[in-house]
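Thanks for asking me to look this over. Here are my notes, written to be read with the model open beside them.

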Amino acid sequence: NGHTYAAAVNAFCRCYDWQAARDALSRAEGRHVFRQGGSVAASSGVVTRTSMIRGYCEVARDLDKARRVFSRMEKDKSTEARPNTRTANTFLRGCLTLGSVDEAAALLERMENEWSKDETWCNEYGGAPDASSYEMVVNILCQALRHKQASATANRCLERLGTSPGCASMFVAVARAAAVCKDYQAANRAAKRAHRVLSMEEKTCADDEQANSEVVGSGGKRGMIKAVEADIEDEETAKSQAARARSLQVFQSHRHADLLAELKSIEKNIDKERPIDLQWLWSRTLIIEDHNARTEEEAQSGNKGKKKKKEKRDKVPPDKKLVQALCKRLSAFGLKESGPEADLSSKLFKGAVRGGRSGRFARLHKKRKKNKKISGEVDAIGKPKVDLAALFQPLEGEATQRPLHLEICSGGGEWICSRAMRDKSACWVACELRFDRAARCFQRLSLHGLATQQGNAGLVVGDACHALESCLQPSSCMRLFINH
């Protein structure tokens with residue numbers, strides 16, 4: 001039945017076998033399992049597809065597949081089979097980790113306008129956005145440095161839902177993004193708002209145990225059942241509920257301390273007003289992805305028009321396609337598609353893809369150009385690669401490039417930032433898979449004065465194995481670091 005398939009899909013995804021999960025879901029839909037059995041079967045279908053969306057985002061790292069499942073759910077004629085808040089938050093979490101800014105903002109807008117206007121969908125089947133929905137969208141907007149839009153979204157959250165544990169993190173993110181954009185007035189306003197919200201949360205946490213047990217944490221997770229609604233009689237259930245309440249309090253206490261520390265760091269950097277020239281850090285940020293994924297789908301679609309477009313695109317040399325893709329993807333970190341910043345990034349990427357400043361690669365490029373072959377240093381299967389060292393400027397008075405060190409799994413960039421500030425004689429590059437963590441690293445480097453022309457810090461966003469094997473020039477790095 002539906003529960004069986006829901007459990008199976010969830011188990012496959014947790015075991016990192018998203019293909020088996022997809023096949024199980026296809027079999028269930030082919031047998032109309034979620035259409036037979038009324039609301040119970042439809043509810044199982046929502047749970048199953050939510051797990052599948054999570055598998056596509058977290059395991060396959062393919063937002064297109066997740067989007068197709070989500071879109072089918074939204075268009076379902078049966079209200080009970082449409083996505084609920086948990087489904088939406090799962091998709092939003094995928095947007096957060098995979099860097100899809102516009103997709104997340106558009107979904108929140110639909111939830112506020114279309115989903116919430118349908119009373120049945122909103123009230124009976126949980127179609128309204130919750131605090132977690134707003135929190136994730138605000139963080140995604142701040143990744144792209146859209147701090148004004150993020151601030152408006154955070155204020156809208158408080159107007160619609162009131163304050164709840166975790167709301168302060170939205171204003172901390174706004175303050176950080178505004179400081180990176182050198183909008184210090186907006187950064188100070190957001191920081192003060194975050195302090196006020198944190199003070200309110202602290203007073204709430206100081207209340208008696210009964211009041212604490214009725215607090216619902218943000219995050220779209222179960223957390224704990226409200227004591228008022230639980231009507232607990234069983235002793236074991238009561239103990240479990242009390243343990244869950246204590247766990248939530250400890251989590252909120254740690255989060256409160258982390259946010260205060262983050263605010264203190266942001267305010268310190270605002271006071272120092274370190275030089276920030278984002279165009280240079282954008283030019284040292286590579287966002288690695290499979291650039292051929294959509295092309296392959298189009299080739300299999302059988303659409304002649306799309307095939308003609310594909311043939312036309314194939315005439316573009318691989319190195320130029322790579323440069324265009326690298327520039328376009330930087331919009332997730334706030335780079336506009338056109339303008340002097342985009343032109344600088346394109347220029348430096350083009351030089352790095354063609355071998356940068358290495359004399360051997362320059363001679364090879366000149367020879368290929370003379371023979372009218374595809375420009376760029378290309379590997380055996382025709383894919384260009386990037387010379388990381390070519391993205392960095394040499395120190396003043398020196399002609400040679402500095403040695404380059406790469407850290408794998410950099411997280412928020414604490415270690416790489418400290419090393420880059422301490423050792424200016426080398427270039428330090430962070431490599432992080434998740435967009436949300438990479439964005440924190442990008443903003444940390446900016447606030448610590450490393451986003452300048454002579455800056456010695458950069459960023460690679462994507463799978464480290466794929467980057468080292470397929471995207472970066474051999475011998476690009478002198479040393480690799482993996483910190484635990």
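1. A word on the model before we start. This is a predicted model, in which local features need pLDDT of at least 70 and side-chain atom pairs count only at pLDDT 80 or more, while totals for chains, interfaces and linings use all residues. Residues are numbered from 1 along each chain as its sequence is written, and side-chain values use heavy atoms, with hydrogens and water left out.

2. Please start with Thr48, which sits in helix α3 (helices are DSSP runs of H or I with at least four residues, numbered from the N terminus). Thr48 has a relative accessible area of 0%, so it counts as buried (buried means under 20% relative accessible area, exposed over 50%, partly exposed in between, with a 1.4 Å probe and protein chains only). Beyond its neighbours within four places in sequence, Thr48 is in contact with Gly2, Tyr5, Ala6, Val9, Leu25 and Phe34 (contact means heavy atoms within 4.5 Å). Its C-alpha lies 9.6 Å from that of Ala28, 20 residues apart in sequence.

3. Thr50 also belongs to helix α3, which covers residues 38-60. With a relative accessible area of 9%, Thr50 is buried. Setting aside neighbours within four places in sequence, the contacts of Thr50 are Arg86, Thr87 and Thr90. Pro83 is 33 residues from Thr50 in sequence, and their C-alpha atoms are 7.9 Å apart.

4. Is Arg196 buried or partly exposed? Arg196 is partly exposed, because its relative accessible area is 49%. You will find Arg196 in helix α11, residues 184-205.

5. Now to the core. The largest nonpolar core has 124 residues, and Leu286 and Phe333 have the most contacts inside it (a nonpolar core is a set of buried Ala, Val, Leu, Ile, Met, Phe, Trp, Tyr and Cys residues joined through side-chain atoms within 4.5 Å). Helix α10 (residues 168-180) gives the largest share of this core, 11 residues. The whole structure holds 2 cavities of 30 Å³ or more (on a 1 Å grid over the protein atoms alone, a cavity is a set of points where a 1.4 Å probe fits but cannot get out, and lining residues have an atom within 4 Å of a point). The largest cavity has a volume of about 70 Å³, a volume being the space filled by probe spheres set on the grid points, which are joined across faces, edges and corners. Helices α14 (235-272) and α22 (435-447) each give two or more residues to its lining. Among the lining residues are Arg176, Glu262, Asn269 and His448.

6. The second largest cavity has about 30 Å³ of space. Its lining includes Ala179, Tyr184, Asn269 and Leu447.

7. Lastly, the cysteines. The structure holds 0 disulfides (a disulfide is a pair of cysteine sulfur atoms within 2.5 Å). For Cys167, the nearest cysteine sulfur is that of Cys157, 4.7 Å away. Cys167 is buried, with a relative accessible area of 2%.

Note on methods: On a 1 Å grid over the protein atoms alone, a cavity is a set of points where a 1.4 Å probe fits but cannot get out, and a pocket is an open set with protein on both sides within 12 Å along at least five of seven lines; lining residues have an atom within 4 Å of a point.
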